[in-house]
Each structure stands twice: as C-alpha cells, then as structure tokens.
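Subject: Structure handover

Hello,

I am passing on the structure below, followed by notes on what was found in it. Please read the notes with the structure open beside them.

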Amino acid sequence: MERKDMKDMERMFFSPLSRVAISGGTHGNEMSGVYMVREMQKQKVDQAGSVAITTVLSNPRAVDACRRYIETDLNRCFTDALLSAPITDSTPYELRRAKELNAQLGPKGSPEAVDLLCDIHNTTANMGMCLIFYSLDWITLHIYKYIQSKMTSAPVRAIQLDIPISEAYSLESVGKHGFAIEVGPQPNGVLRADIFNVAKEAVDLTIEWLQKFNSGSTFEGGEVEVHTTVNSVDYPRDPTTKEITAAIHPQLQDNDFKLLQSGDPIFLSFSGETVKHEGEDLYPLFVNECAYYEKKIAFHLAKQRTLTIPSVSVKKD
C-alpha cells in the first residue's frame, strides 16, 4: 500500500502486547545479539512493567563454535513447510532447533505465539540500524517510526520483505508480530561497543514503546519510508571456474542505501576494469556482506516506498 489518504484509515486497535521474545545468536558469529541475550539472562531481565520478556540464545551450537551455522542456516528454517516436515535421521541440527524454537515461542501463526519477537543480527555491510520485517504490520511499522524518531547514534531504516508469512523463513516470523534488528558494520566473530550499543538502544526503545502502548498511549499515524528488495546481484565470475573476477567498487563499498544510478560503478575487476550499473535507479543493500558470498550475492537492490500508517491504540476492556 502506498500513500493512502489518511482520511480513509481509521485508528487500529490491538490487544496488549505483553509477551515479548528477544533472541540473539541465530547466526552464531554475530556477536551483538549473543552478548545482549547473555547479559539480559545474567541480569535476570524477564519483566519490564507490563512486558514479560523471554530471552533466547537461538543457535547455541553455532555460538559455541563461533560460526554462522553448523549444518544449515537457521534463519532459513521457519517456513510452514519446513516446520511441519517430519524429523528423520538426516534432518540438519538447525532444522531440529527451529522446531524447538517454534514450540517455545510459537507455534507460528497460532494464538499461543509470543506477541512480538525481536531477533538481533549483525552485518559486515555498512547498514547502520535497520529493521527487517514481513508484510505491512502496523505494530512493527510504529515501532520502527518510534526508534527512528528517538535514535541519534545511527541512521535508522527499514526493509520490508514482500513474502507471505507462510513462506517467511526467518525466526522473527514465529511471533504474532516480529522484526529482525540488523546492525553494522561489524566483522563476524567480533564485538564492537558502538554497534552493540546501537542494537541495545533499539531493544530498549522497543520495550519503551510497548510499555507506552500497553498503558493506553495512542501513537499517531503518519508517513514512513521502507525499502522493498527487487533483486540480487552476483559478482562477475569466470565462466569456466565460476570464481569471482571482481570486487565491489570502492565508490559502492560502504554506500548501502545510497541511490545507485545507471552508469555508477559497482565492481572493479582484478585486472582493473570497472563494471557499471545498468537499468533503473535503485538502492543497494547488504553491500559486500561476508555471509552472502556463499549465496552468490554481492548486494541486493531495492525500491524505496513511502507508506502512510494509521494511528494505533490498545483495545479497551
């Protein structure tokens, strides 16, 4: 939905959002979420006013090994089809773990699922503070708008994945509402205080918003900008060996969310030749993300959209 007249949008009412899950370590070498969950568990943070908080270290084996995953990417295991598939002797560890998390925090799509699931990630790309979510969820969009209005330590942006919830593959889709916090740049297996504090501020602001919402505050509607992915771009490759033959061009490196126009350089070959962007003007995301080399993705391209969101309030008894 784009730029719908506010007069056509009534205020939306939702039940209190009292059960919240904060997860980290879905990718075991993304350290902000790992250490935030560990610290919250150490401090026994399980209640914040009207909000009951469950903290989860999502992939403990990968965390112990400081690897993204052990057998397969846990954050691709939460589609309805995978969650309903039978367990066999060959079922990967991460899919078994996904079923455990779905039982603990869901089941996905059920009334028993947590009201909000926030999964903390890091990226090696210069993404700043980014919220990633499925569908047009007014609650998530209002939390995004609130974080964006309060945070000064990093730019705050949002990516909306246009995927049906049944096909949504990442952990946050298990909650009634949910989003991933993606903060970078931070190398895999490394903890940076500035990046950790950006993620912590986003979590704190989320809980603050929930408390205000549950206490009866009305959050007025307005406009927010989101990015919707269009396609992915692979590195140039040798046609025989399939090895990459170029790196991200210095003019594109670290310029996530900066409009990429036709003719702008995107790759610099190892022999010194520049490859330029062709086609429509789009926004690059996850530029040179380390974990995407195995997925044959150099960066994503996205459109920017302006959404008009309604006011939201808690339902009165």
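Two strands count as paired if DSSP finds at least two bridges between them. Helices (H or I, at least four residues) and strands (E, at least two) are themselves DSSP runs, numbered from the N terminus. This is a predicted model, in which local features need pLDDT of at least 70 and side-chain atom pairs count only at pLDDT 80 or more, while totals for chains, interfaces and linings use all residues. Residues are numbered from 1 along each chain as its sequence is written, and side-chain values use heavy atoms, with hydrogens and water left out.

Strand 10 is joined to strand 11 (residues 265-269) by 3 bridges. Within this antiparallel pair, A246 stands opposite S269 of strand 11.

Whole chain

The protein chain has 6 helices and 15 strands. Its radius of gyration is 20 Å, close to the 20 Å that the globule rule gives for 317 residues, so the chain is as compact as a globular protein of that length. (The radius is taken over C-alpha atoms, and the rule is 2.2 Å times the number of residues to the power 0.38.) Along the principal axes, the C-alpha atoms fill a box of roughly 70 × 55 × 40 Å.

Largest pocket

The largest pocket holds about 470 Å³ of space. (On a 1 Å grid over the protein atoms alone, a pocket is an open set of points with protein on both sides within 12 Å along at least five of seven lines, where a 1.4 Å probe fits; lining residues have an atom within 4 Å of a point.) Of its 32 lining residues, R76, Y169, F286, Y292 and H300 are the closest to its centre. Strand 9 gives the most to the lining, with 5 residues.

Helix 6 (residues 193-214) has 22 residues and reaches 31 Å from its first C-alpha to its last, close to the 32 Å expected, the expected span being 1.5 Å times one less than the number of residues. G216, with a positive phi near 110°, follows helix 6.

A cis peptide bond with omega of about 0° joins G106 and P107, and P107 lies in the loop between helix 4 (93-105) and strand 5. Another cis peptide bond joins G184 and P185, with omega of about 15°; P185 is in the loop between strand 8 and helix 6.

Regards

Terms used:
Points joined across faces, edges and corners; volume = space filled by probe spheres on them.
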